[in-house]
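Dear colleague,

I am handing over the structure below, and after it you will find what turned up when I went through it. Please keep it open beside this message while you read.

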Amino acid sequence: MVEGPGTYPAAYAGTLADALKALGHGVLIRPWAGIPGFRADRREYGRLAGFLLERTRPEIAHVLSDESWVAEAFTGHGVPVVHTTGDRPSRADWVVAPSKIALQKIRASGADLDYRLGQLHYAVRAGGLERSRGSYVLACVDPRDAVAREWMELAACECPSIPLRDEGDVREARFVVSLSSRPEPWAPGVAEAMAAARPVVASWSGAAPELVLEGVTGFLCGPGDLHGLRTQMEYLWGDPDEALRLGAKGLDHARELFDPGTHARSLLRWYLRAGASRLAV
């Protein structure tokens, strides 16, 4: 399993590896930048991928990256390749989209991938029910999304009494805000918040509406709707008991959506369809 550049839960590779190991399979995780002999020149990537495959001799290569070229570096070496992407398809043997909107965008790209394309939310390990009310609000915004960052800064100025951080332990936050100005294939921080029993305020564009149940596990607001965002933030900050209630519902929902065991079993079926022949499912 190769971790390449992309927007996916930081603990996803480890969570999936543990689930596969529980089913009796060995897993080796390698950060793409940690491949011996790594170079910044893309022309070297195919050679380095081949070196890694020759060294490890896996039954399947599973690449996690929003970049098509990372997955394609591993193709053509005699090993089936499964590519978990954002919304950029590759020439891998099987492509996994993390959300319905990502699946739709891949299909709309014109690539004939229906026979080797599947949709599966990332697996996230759910924690226990939190009793702490949380001492701050955690903001999750893609650093490359300058427009959403500006919205978050404006919201912070309009809610000076609410302590807002862009880093911290989600379990210590009262709730999580996830903003995007674009219909992103994955909403940063949303799954992790739900798995930590924390409610979410998120932009309704992109994948967030697939994950957040409006008024049940959190709230959705329109992109750029600062009034709505401020109202939702003030409501959750001012009513910590309600935040805990919504967080508990989010935890229940996370256990259904992101269960690692169910996720791993689905992937094993797709590994076989990608060309793996010796896996005992």
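In this predicted model, the charged end of Arg 165 sits over the ring of Tyr 136, at 4.0 Å from the centre of that ring.

Because Tyr 12 lies in helix α1 (residues 12-22) while Tyr 122 lies in the loop between β6 (117-119) and β7 (136-141), the pair ties together parts that are 110 residues apart in sequence. Tyr 12 has a relative accessibility of 1% and therefore counts as buried, and Tyr 122, at 2%, counts as buried too.

Another pair is that of Trp 186 and Phe 258, where the centres are 6.5 Å apart and the planes make an angle of 75°, so that this pair is edge-to-face. It links distant parts of the chain, since Trp 186 is in the loop between β9 (173-179) and α6 (190-195) and Phe 258 is in the loop between α9 (240-257) and α10 (260-274), 72 residues apart. Trp 186 counts as buried at 3% relative accessibility, and Phe 258 counts as buried at 1%. Ring pairs join Tyr 8, Tyr 12, Tyr 122, Trp 186 and Phe 258 into a cluster.

Please look next at helix α5, which runs over residues 146-158. Its 13 residues reach 19 Å from the first C-alpha to the last, which is close to the 18 Å expected at 1.5 Å a residue. Which residues of α5 are buried? They are Ala 148, Trp 151, Met 152 and Ala 155, and because they cover an arc of only 95° around the axis, they are on the same side of α5. On the other side of the helix, Glu 153 and Cys 157 are exposed. What covers the buried residues of α5 includes the strands β7, β8 (164-165) and β9, together with helix α8 (226-238).

With kind regards

Conventions
Residues numbered from 1 in each chain as written. Predicted model: local features only at pLDDT ≥ 70, side-chain atom pairs only at ≥ 80, totals over all residues. Heavy atoms only, no water. Helix = DSSP H or I, 4+ residues; strand = E, 2+ residues; numbered from the N terminus. Buried < 20%, exposed > 50% of the residue type's maximum accessible area, 1.4 Å probe, protein only. Phe/Tyr/Trp six-rings, centres within 6.5 Å; stacked < 30°, edge-to-face > 60°. Lys NZ or Arg CZ within 6 Å of the ring centre and 35° of its normal. Expected span 1.5 Å × (residues − 1). Arc of directions from axis to C-beta. Contact = heavy atoms within 4.5 Å.
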